[in-house]
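This briefing goes through one protein structure, topic by topic. Please keep the sequence and the model at hand while reading.

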Amino acid sequence: MIVRKVSDVLGTERDVHTPNWVSRRLLLKQDGMGFSLHETTIRAGTETPMWYRHHLEAVFCVGGEGEVETLADGAVYTITPGTVYALDRHDKHVLRARTDMRLVCVFNPPLTGAEMHDDEGAYPIIE
Ligand code: 9YT
């Protein structure tokens, strides 16, 4: 069994910092679960365009608030604690954080941890 705490990954390569967000990767591909699980904090006031062409992602908000817009139809959804959004259609979207947002993110297929957002906000598949 794997037991891991956010405090275990702080300052390691599983602790990823970008201008808009910080992500602690609690479970990655190499953990063998078939998905990856991250605690992500989106910084207040940021706007992040993303398009996970190669992945499905579910995002469960446990703190803070903001909104997500799906670009195909311009629909805007308020995200508050207790809300999940699932990008089941690989939707192009923009996440806007009104406050710092604490999110639990699950990716299928799992991230390896080495992915970088490309200029369209996507992650590549790494075998
Ligand atoms: C909500 C979202 O996708 N944020 C970008 C970071 C991502 N959760 C990650 O790489 O952990």
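## Briefing on the model

A72 is exposed, with a relative accessible area of 82%; exposed means over 50%, buried under 20% and partly exposed in between, with a 1.4 Å probe and protein chains only. The model is a predicted one, in which local features need pLDDT of at least 70 and side-chain atom pairs count only at pLDDT 80 or more, while totals for chains, interfaces and linings use all residues. Residues are numbered from 1 along each chain as its sequence is written, and side-chain values use heavy atoms, with hydrogens and water left out.

**Positions along the chain**

- A72 sits in the loop between strand 6 (66–70) and strand 7 (75–79); strands (E, at least two residues) and helices (H or I, at least four) are DSSP runs, numbered from the N terminus.
- From A72 to G11, 61 residues away along the chain, the C-alpha separation is 37 Å.
- R4 belongs to the segment before helix 1 (6–9) and is partly exposed, at 30% relative accessibility.
- The C-alpha atom of R4 is separated by 33 Å from that of T70, and the two residues are 66 apart along the chain.
- L111, in the segment after strand 10, is buried at 0% relative accessibility.
- L111 and D15 are 96 residues apart in sequence, with their C-alpha atoms 13 Å apart in space.

**Aromatic pairs**

- There are three aromatic pairs in the structure; rings of Phe, Tyr and Trp (its six-membered ring) pair if their centres lie within 6.5 Å, and planes under 30 degrees apart count as stacked, over 60 as edge-to-face and the rest as tilted.
- One of them joins Y52 and F107 in an edge-to-face arrangement, with 5.0 Å from centre to centre and 85 degrees between the planes.
- This pair links distant parts of the chain, 55 residues apart: Y52 is in the loop between strand 4 (47–50) and strand 5 (56–63), and F107 is in strand 10 (residues 101–108).
- Y52 is buried, with a relative accessible area of 3%, and F107 is buried as well, at 2%.
- F107 also forms a tilted pair with Y123, at 5.9 Å centre to centre and 55 degrees between the planes.
- Because F107 lies in strand 10 and Y123 in the segment after strand 10, this second pair ties together parts that are 16 residues apart in sequence.
- Y123 is buried, as is F107.
- Y52, F107 and Y123 make up one aromatic cluster.

**A charge over a ring**

- K92 lies over the face of W51, 4.6 Å from the ring centre; a charge sits over a ring if NZ of Lys or CZ of Arg is within 6 Å of the ring centre and within 35 degrees of the ring normal.

**The ligand**

- Around the ligand there are 14 residues, of which S23, R25, H38, E57 and Y123 come nearest; a residue is near a molecule or strand if one of its heavy atoms lies within 4 Å of it.
- The side chain of S23 has an N or O atom 2.6 Å from an oxygen atom of the ligand.
- For the side chain of R25, an N or O atom is 2.6 Å from an oxygen atom of the ligand.
- A nitrogen atom of the ligand lies 3.2 Å from a polar side-chain atom of T40.
- On its own the ligand has 310 Å² of accessible area, and the protein covers 100% of this; such areas come from the Shrake-Rupley method with a 1.4 Å probe, and for residues only the protein chains shown count as cover.

**Nonpolar core**

- The largest nonpolar core has 19 residues, and those with the most contacts inside it are I42, Y85, L95, M101 and L103; such a core is a set of buried Ala, Val, Leu, Ile, Met, Phe, Trp, Tyr and Cys residues joined through side-chain atoms within 4.5 Å.
- Strand 5, strand 9 (93–97) and strand 10 are the elements that give two or more residues to this core.
- With four residues, strand 10 gives the most to this core.

**Backbone points**

- The peptide bond from N108 to P109 is cis, with omega near -5 degrees, and P109 is in the segment after strand 10.
- H90 is not a glycine, yet has a positive phi of about 55 degrees.
- H90 is in the loop between strand 8 (84–86) and strand 9, where H90 is partly exposed with a relative accessible area of 29%.

Terms used:
A polar contact is a pair of N or O atoms within 3.5 Å; within protein, one must be able to donate a hydrogen and the other to accept it, and residues adjacent in sequence count only if both atoms are side-chain atoms.
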